[in-house]
Amino acid sequence: MTMTTAATTNATDDLDVATVSARHFGLAVLALAMGGFAIGTTEFVTMGLLPQISAGVGVSIPTGGHVISAYAVGVVVGAPLLAFLGARLPRRALLVALMAAFAVGNGVSALAASYEQLVIARFVAGLPHGAYFGVASLVAASMARPSRKGRAVSQIMLGLSVANVIGVPAATVLGQELGWRAAFWAVSVLAIITLALVTWFVPSVAGDAEASGRRELSAFKLPQVWLTLLAGAVGFGGMFAVYSYIAPVVTDVAGLGERSVPVYLLSFGLGMVAGTWLAGIMADWSIFRSLIIGGSGMAASMLLFWLAAPHGWAALPVVFLITTLGSVLVVNLQLRLMDVAGDAQTLGAAMNHASLNVANALGAWLGGLVIAAGWGLRAPALVGLALSLGGVAILLVSARLHVRQSAAA
């Protein structure tokens with residue numbers, strides 16, 4: 001069964017694709033991707049600076065981990081809420097407002113004087129995350145020709161991937177040298193730069209004048225929307241089951257030194273960049289087939305990681321493969337939601353990152369459970385295998401439902 005981006009054509013609003021020059025398109029995509037870069041940096045730098053942050057607000061590292069959770073909860077809450085409230089607004093103006101709120105959330109994080117204030121600030125910083133990616137994806141799709149919508153959306157997501165290669169390491173070093181607050185100040189500056197770039201280079205795209213709260217919420221009545229969200233929450237959880245515990249696997253299982261951990265993290269980041277680029281090409285071929293390939297490939301790579309982990313550097317190319325295939329899954333989940341959400345385009349596009357943050361929590365939690373149960377540090381890879389296969393199974397249920405609905409029509 002072939003599912004393409006044809007359904008995203010109702011995201012084009014009143015923008016004439018022919019009027020968007022190649023140069024203007026490139027600058028607009030760069031501006032939108034810069035927002036993804038800022039968001040990716042703040043999402044993952046907290047993990048790298050967790051010991052410094054915990055010491056800075058006077059709590060233990062396990063308690064400090066709730067700061068990471070607070071951001072994830074903000075994403076899950078903010079994605080549907082802000083999409084619901086902003087569906088009728090002009091999309092460039094909405095993007096500027098979301099990035100302004102993101103800048104404020106990170107600035108307040110840098111100023112937090114206590115643990116409680118920091119948790120609230122991180123929750124606020126997470127609120128615009130999903131809505132920004134959703135609206136930016138719709139704008140990118142509206143500027144692209146129908147045959148290149150997948151690549152346009154993947155270029156927006158590329159900012160998030162590049163953040164893991166450049167932004168997170170740089171912000172981590174900055175936080176280590178100048179204090180953890182400096183990292184959040186840097187992200188706030190990136191957000192302000194994004195705000196300016198979006199204002200200058202992103203063309204005016206009207207909101208959906210016919211949107212209403214009831215219509216946006218109608219997306220939650222569609223089984224295909226729920227199946228797609230569930231496929232993301234379960235299937236992508238496999239990647240986080242491995243990513244969350246990569247450091248002790250590298251040092252205690254592979255027998256490598258602590259200095260090897262950043263090399264493995266770099267491989268994860270490079271895989272995200274490669275996978276995001278590849279995902280756009282594959283999406284323009286077939287979204288649904290790309291989802292199956294991404295999910296099935298992740299399952300196979302989890303098994304490879306379990307086998308290779310005790311053999312030192314042998315696992316390094318495998319982690320690159322995991323995130324390459326994981327990024328193929330993520331980008332095509334975004335496009336799939338834009339396809340199946342019907343008239344609720346804004347909400348559908350925004351919910352992908354809410355689903356992925358559920359995956360983050362689920363994968364890390366289940367990975368921790370099997371380690372605590374005494375199954376060893378390699379066991380999260382088997383959890384990842386099971387979650388990836390679970391995501392594929394959900395997608396196959398979605399395909400079966402689509403066939404039945406098509407036959408009934």
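Colleague: Why does His 402 count as partly exposed?

Modeller: Keep in mind that this is a predicted model. His 402 has 27% relative accessibility, and buried means under 20% while exposed means over 50%. The value falls in between, so His 402 is partly exposed.

Colleague: And where is the place of His 402?

Modeller: In helix H16, which covers residues 379-408.

Colleague: What makes the contact of H5 with H6?

Modeller: On the H5 side, Phe 133, Ala 136, Ser 137, Ala 140 and Ala 141; on the H6 side, Lys 149, Ala 152, Val 153, Ile 156, Met 157 and Leu 160. Contact here means heavy atoms within 4.5 Å. Those residues divide into nine nonpolar, one polar and one charged.

Colleague: How do H5 and H6 pack?

Modeller: At an angle of about 145 degrees, with their axes 8 Å apart. H5 passes H6 in a right-handed crossing.

Colleague: What makes up the lining of the largest pocket?

Modeller: The lining divides into 25 nonpolar residues, 12 polar and one charged. H3 gives the most, with eight residues. About 1300 Å³ of space lies in that pocket, and the residues closest to its centre are Phe 44, Met 47, Gly 48, Tyr 243 and Leu 265.

Notes: Residues are numbered from 1 along each chain as its sequence is written. This is a predicted model: local features need pLDDT of at least 70, side-chain atom pairs count only at pLDDT 80 or more; totals for chains, interfaces and linings use all residues. Side-chain values use heavy atoms; hydrogens and water are left out. Axes are lines fitted to C-alpha atoms, for helices over the stretch in contact, and angles run from 0 to 180 degrees between N-to-C directions. Helices (H or I, at least four residues) and strands (E, at least two) are DSSP runs, numbered from the N terminus. A crossing is left-handed if the near helix is turned anticlockwise from the far one by less than a right angle, and right-handed if clockwise. Ala, Val, Leu, Ile, Met, Phe, Trp, Tyr, Cys and Pro count as nonpolar, Asp, Glu, Lys and Arg as charged, and the others, Gly among them, as polar. On a 1 Å grid over the protein atoms alone, a cavity is a set of points where a 1.4 Å probe fits but cannot get out, and a pocket is an open set with protein on both sides within 12 Å along at least five of seven lines; lining residues have an atom within 4 Å of a point. Grid points are joined across faces, edges and corners, and a volume is the space filled by probe spheres set on the points. Buried means under 20% relative accessible area, exposed over 50%, partly exposed in between (1.4 Å probe, protein chains only).
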